[in-house]
Amino acid sequence: MKNNEISIYIHIPFCERKCDYCAFVSFCVNEKEEDKYIDYLTKEMENFKTSKVVKTIYIGGGTPSILSIENLKKIFYTLKSNFKIKKDAEITIEVNPNSLSEEKLFEYKNLGINRISIGVQSLNNDTLKKIGRLHNKDEAIKSIKLASKYFDNISADLIIGLENEKDVYKYAETLIELGVKHISAYMLEIHENTPIFEKFNSQKYLPLNEEEVANEYEKLVEYLEKKNFHQYEVSNFALSGYESRHNLNYWNFGEYIGFGISAHSYINGKRVANANTLKEYFNGVKFQDENNSKTEIEERIFLGLRCILGVDLKVLDKLGYKMQNNENYQMFVKKGILFEKGDRVYLNKKYYLVSDFVISHLL
Ligand SMILES: C[S@@+](CC[C@H](N)C(=O)[O-])C[C@H]1O[C@@H](n2cnc3c(N)ncnc32)[C@H](O)[C@@H]1O
Ligand code: SF4
């Protein structure tokens, strides 16, 4: 990893409608509010000075595909005028099937975007409706076909554990037939203060139980392995060469700058988070993590063990934590749950599903 390189994350907190399960910082706004946000966002970018070279850019949300082309152009103009961007930088935009169009895809390509991440979630119309998505199966498929006219590097998101969703691997089959090169499959998380939480509590929404989720996950992993989609993180699978370089940078503790509401940065060993409300964000409120080395130890273990990069034991040692002295560590190594290679330790992929349990016993 070169330390004169950096990644950039840009948060676009707008959605046409909030999905029932989603706890990301996003909301519905009008055109005027969108313009105001882009003004503040581009100012924040202009005020940041770095001589580092940008190797990946990720425009996430929310739903970046609802941005007007003019506003997206403003973001790219600011990026290009204020940062040195590598020629082969990976530049991703997150899109929703219902807000994608051929005109937008054409502009994305012109702006230098080279990776599209599409939120599919499911290919079952009843499920999509139940979770509040604004697209159906055919529209999701159509958007992937349209995107593949312009882009080769396409990723799709699925959710495992939604009500009545058995055989999620069959969705992966369709996605692969459509030419998708990367799949993110997230286990459904039910967050407080989301509509799905209320429905779940009153038994109006019945997600799969733990055993069913495990079963779905295992079938999906097995299917994707067969299709040469190798698992490089608990929820991420890709054909060789199509792994997300942006995410690998996070998991490998590379530096990144986050712009926009709720975005996080990690620079010179320091973590800073932007405010989660528009009012505070417009006032420039930022939170600095004061407990740096404790957070870093926990994050290194959490992020490293959940992906193929593993954890560098020497780095942990330098930060003041000798993980080998943890009594559970030796037991996990003996049982083949963890394995050591050189100075690094890895979680055996068979145990990715219980990674949270293993990690909680190592901290
Ligand atoms: C930042 S979201 C935005 C993506 C895009 N706006 C969309 O909805 O298609 C990225 C992904 O997180 C996943 N996600 C969001 N909330 C989730 C939840 N509660 N449980 C599991 N996955 C979730 C979805 O798969 C979603 O596509
Ligand atoms: S899942 Fe995507 S579209 Fe749905 S509310 Fe979250 S960010 Fe918006």
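Q: Hi! In what sense do β2 and strand β3 pair, parallel or antiparallel?
A: Parallel, with six bridges between β2 and β3 (residues 84-95). Keep in mind that this is a predicted model.

Q: Thanks! Which residue is the bridge partner of V54 in β3?
A: That would be I85.

Q: And how does the chain cross from β2 to β3?
A: Through helix α2, residues 69-82, in a β-α-β crossover that is right-handed.

Q: OK, what about β3 and β4, parallel or antiparallel?
A: That pair is parallel, over four bridges. Within it, I93 has I116 of β4 as its bridge partner.

Q: Switching to the ligand: which residues are closest to ligand 1?
A: Y21, G119, D157, Y186 and E189 are the closest, out of 16 residues that surround ligand 1.

Q: Which strands supply at least two residues of that shell around ligand 1?
A: β2 (53-61), β4 (115-121) and β5 (154-160) each do.

Q: And the shell by class, how many nonpolar, polar and charged residues?
A: Six are nonpolar, seven polar and three charged.

Q: Nice. Now the open sheet of three strands, what's its order?
A: It runs β13-β15-β14, and the pairing is antiparallel. β13 (311-312) and β14 (338-341) are at the edges with a single partner strand each, so one side of each has no neighbour in the sheet.

Q: How many bridges do β14 and β15 pair over?
A: Four, in the antiparallel sense, with β15 covering residues 344-347. On β15, R344 is the bridge partner of K341.

Key
Residues numbered from 1 in each chain as written. Chains lettered and ligands numbered in written order. Predicted model: local features only at pLDDT ≥ 70, side-chain atom pairs only at ≥ 80, totals over all residues. Pairing = 2+ DSSP bridges. Near = placed C-beta within 6 Å. Nonpolar A, V, L, I, M, F, W, Y, C, P; charged D, E, K, R; others polar. Right-handed = clockwise from strand over helix to strand, strands pointing away.
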